[in-house]
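Please open the model in your viewer and keep the sequence panel beside it. This tour tells you what to select at each stop and what you will find there.

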Amino acid sequence: MSAPLPLTISAPNIEGCLTKFVAVVPTGPSDRARDRELLARVARGDVAALRALYDQHASRAITIAFRILRNREEAEDVVQETFLEVWRRSAQFDPGRGGAVAWVVTIARSRAIDRLRARTIAGKTIASASEDADGLLPTPPPSPAVETERRRDERRVAAALGALPAAQRRAIELAYFEGLSQSEIAAKTASPLGTVKMRVKLAMAKLADLLGDEST
Amino acid sequence: MIHRHHTTMTCAQFADLADAFALDVLDDSEQQACARHIMRAVHQVECREALASARAVMDRLASALPVAGPSPGLWRAIESRLGLGTGSSNAEWL
């Protein structure tokens, strides 16, 4: 069995993963405009447009779902649910609240968290669902220009995460990338709940400061 | 402190929790209280700005995700659940 995918995102881990996986990810204004058009077409019932969105964004959806659930089959179920929800709710997409990739990832993350918490309620441990990353397939290389922009964007975020104090970075990793609640983070890190809340708040404020000028 | 039993949340309380609300890391009662507040306070600039700031950070974190491909059959599974073929309509969902 091969080594598991790193489940803790840190600046070095992000860079490490980037050497393994690549994907076409829209980042510029023209990409956002294209995504808006695709979503408008989906709202009119165009399955080909949904497929185009799937081709662009399914890779990130499955990555966040897998990171939270650590189970490929469940992660792919989440991706199915995510794109069914995109199909049903595309008319409600609000471009003023972010791009399509963020919307898709947010849906996938929420559905994965729902499953994680249902699993916890059912008494299953997170560890029992652990799985290595063999089922996650590398995606085809994008165009050099898209890949260059994607890597630049990821380096910016990795640098911002790397600028956080270790405890704050860990809190964000557990919250965003692993889907744990603040109470669960407190238990996992043996920290008081109030301390965890403050770490999350300070981390988000610092990330907003570091990344705010680049978020459009 | 957020009181239970649907006590009204103030805008200052919401702003304090907006990051955690956006991340969906609050306990259920607080998450629901925040959701109720933002529905009621739709015109409150302070609340909307606090939430928008958190969502902007989450957008950037999404862009930092390393990516991997789904199984080749996943799209076919989605099409099957839609009960549709390429070029069909989703009108029955709307």
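**Before you start**

This is a predicted model, in which local features need pLDDT of at least 70 and side-chain atom pairs count only at pLDDT 80 or more, while totals for chains, interfaces and linings use all residues. Residues are numbered from 1 along each chain as its sequence is written, and chains are lettered from A and ligands numbered from 1 in the order in which they are written.

**Stop 1: the two chains**

Select chain A and colour it by secondary structure, and you will find nine helices and zero strands, where helices (H or I, at least four residues) and strands (E, at least two) are DSSP runs numbered from the N terminus. Chain A has 216 residues, of which 45% count as buried; a residue is buried if 20 or more other C-beta atoms, placed from the backbone, lie within 10 Å of its own, exposed if 12 or fewer, and partly exposed in between. Among the contacts in chain A between residues at least 6 apart in sequence, 73% join residues at least 24 apart, a contact being two residues whose C-beta atoms, placed from the backbone, lie within 7 Å.

Now select chain B, which comes to four helices and zero strands. Of its 94 residues, 37% count as buried, and residues 24 or more positions apart account for 61% of the contacts in chain B with a separation of 6 or more.

**Stop 2: the largest nonpolar core**

Which residues touch the most other members of the largest nonpolar core? Select A:Ala65, A:Ala108 and A:Ala175, which do so among the 78 residues of that core; a nonpolar core is a set of buried Ala, Val, Leu, Ile, Met, Phe, Trp, Tyr and Cys residues joined through C-beta atoms within 7 Å. Helix H3 of chain A (residues 47–69) gives the most to this core, with 13 residues. The core also draws at least three residues from each of domain 1 (23–140) and domain 2 (144–216) of chain A, with bounds that come from an automatic or database domain assignment.

Stay with A:Ala175 and show what surrounds it: leaving out residues up to four places away in sequence, A:Ala175 touches A:Leu180, A:Ile185 and A:Val200, and from the other chain B:Leu23 and B:Val25.

**Stop 3**

Next select A:Ile113, which lies in helix H5 of chain A (residues 100–121). Is A:Ile113 buried or exposed? A:Ile113 counts as buried because it has 22 C-beta neighbours inside 10 Å. Apart from neighbours within four places in sequence, A:Ile113 is in contact with A:Ile68, A:Gly179 and B:Asp24. If you draw a distance from the C-alpha of A:Ile113 to that of A:Glu178, you will get 8.4 Å, although the two are 65 residues apart in sequence.

Then move to B:Asp24, in the loop between H1 and H2 of chain B. B:Asp24 is partly exposed, because 19 other C-beta atoms lie within 10 Å, and its phi is near 60°, a positive value in a residue other than glycine.

**Stop 3: two helices of chain B**

Select helix H1 (residues 11–23) and helix H2 (residues 28–40) of chain B, which pack at an angle of about 115° with their axes 10 Å apart; axes are lines fitted to C-alpha atoms, for helices over the stretch in contact, and angles run from 0 to 180 degrees between N-to-C directions. H1(B) is therefore roughly perpendicular to H2(B), since angles of 65 to 115 degrees count as such, those under 35 as roughly parallel, those over 145 as roughly antiparallel and the rest as oblique. Show the side chains of B:Phe14, B:Leu17 and B:Phe21 of H1(B), which make the contact with B:Glu30, B:Gln31, B:Cys34, B:His37 and B:Ile38 of H2(B).

**Stop 4**

On the H9(A) side the contact is made by A:Met204, A:Leu207, A:Ala208 and A:Leu211, and on the H3(B) side by B:Ser53, B:Ala54, B:Ala56, B:Val57 and B:Arg60.

**Stop 5: helix H8 of chain A**

Finish with helix H8 of chain A (residues 182–189), where A:Gln182, A:Glu184, A:Ile185 and A:Ala186 are buried. What covers these buried residues includes helix H7 (166–177) and H9 of chain A, together with H1 of chain B. After H8(A) comes A:Ala190, whose phi is positive, near 55°.
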